[in-house]
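Take a look at the chain below.

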Amino acid sequence: MNARAYDARMIDRSFADELAREWIAAWNSHDLERILAHYDDAFSMSSPLIVQRGFDPSGTLRGKEKVRPYWRAGLDATPALNFTLEAVFVGPSSIAILYTNQAGRRTVEVLILDESR
C-alpha cells in the first residue's frame, strides 16, 4: 500500500474506515488504475482464482504488471461487479475488509500496509 503514514503501533480506526470505503469505491468504479493506486508497485496477491483462471500455477502474482491483466480480465468478465462494505477490522499493520459482491458472496480482503501508508 502507499499513501499517508500510520502509527506503526496500530492503524487508526478512522483511517482504516476511510481506506476501506475508498477501496470499495475504486472497485465499484471499475477503473483499474484507481484500484491499482491503492497498492505499491511490488505488492503481491494470492488467490485460488489465479490458478483456476490460468494466470500462475503458484496462485500468487507479484507486482502491478502481473496483477493488472488478472484484474482487467476479472473486471471485463463481470460488468455488474459491485461490492458492498460490511465491516472493517483493524490490526497493527493491516486492515481486513469484509464485503459482499453482486452475487451475494461474502469475502474478506486483507491489506497489509507498509510504514509509508
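Asn101 counts as buried, because its relative accessibility is 18% and the cut-off for buried is under 20%. The model is a predicted one. A polar atom of the Asn101 side chain lies 2.9 Å from the backbone nitrogen of Ala103. Which residues does Asn101 contact, leaving aside its neighbours within four places in sequence? They are Asn82 and Phe83.

Now step back into β4. Seven of its seven residues are buried, so β4 is largely enclosed by the rest of the structure. Both of its faces are covered. On one side, the buried residues are Ser94, Ala96, Leu98 and Thr100.

Strand β4 pairs with β3 (residues 84-90) and with β5. Here are the two pairings.

| Strands | Sense | Bridges | Residues between the strands | A bridge pair |
|---|---|---|---|---|
| β3 and β4 | antiparallel | six bridges | three residues | Val90 and Ile95 |
| β4 and β5 | antiparallel | seven bridges | five residues | Tyr99 and Thr107 |

A hairpin joins β3 to β4. Strands β4 and β5 also form a hairpin.

## A helix with a buried side

Next comes α4, which runs over residues 64-77. This helix has 14 residues. From its first C-alpha to its last, α4 reaches 19 Å. That is close to the 20 Å expected at 1.5 Å a residue.

Which residues of α4 are buried? They are Lys64, Val67, Tyr70, Trp71, Gly74 and Leu75. These residues lie on the same side of α4, because they cover an arc of only 135° around the axis.

What covers these buried residues of α4? The cover includes three helices: α1 (13-29), α2 (32-36) and α3 (48-52). It also includes the strands β1 (44-46) and β2 (60-62).

Turn to the face of α4 that points away from the buried side. There you find the exposed residues Glu65, Lys66, Asp76 and Ala77.

## Putting the two side by side

Note on methods:
Residues are numbered from 1 along each chain as its sequence is written. This is a predicted model: local features need pLDDT of at least 70, side-chain atom pairs count only at pLDDT 80 or more; totals for chains, interfaces and linings use all residues. Side-chain values use heavy atoms; hydrogens and water are left out. Buried means under 20% relative accessible area, exposed over 50%, partly exposed in between (1.4 Å probe, protein chains only). A polar contact is a pair of N or O atoms within 3.5 Å; within protein, one must be able to donate a hydrogen and the other to accept it, and residues adjacent in sequence count only if both atoms are side-chain atoms. Contact means heavy atoms within 4.5 Å. Helices (H or I, at least four residues) and strands (E, at least two) are DSSP runs, numbered from the N terminus. Two strands pair if DSSP finds at least two bridges between them. The expected span of a helix is 1.5 Å times one less than its number of residues. The arc is that of the directions from the helix axis to the C-beta atoms.
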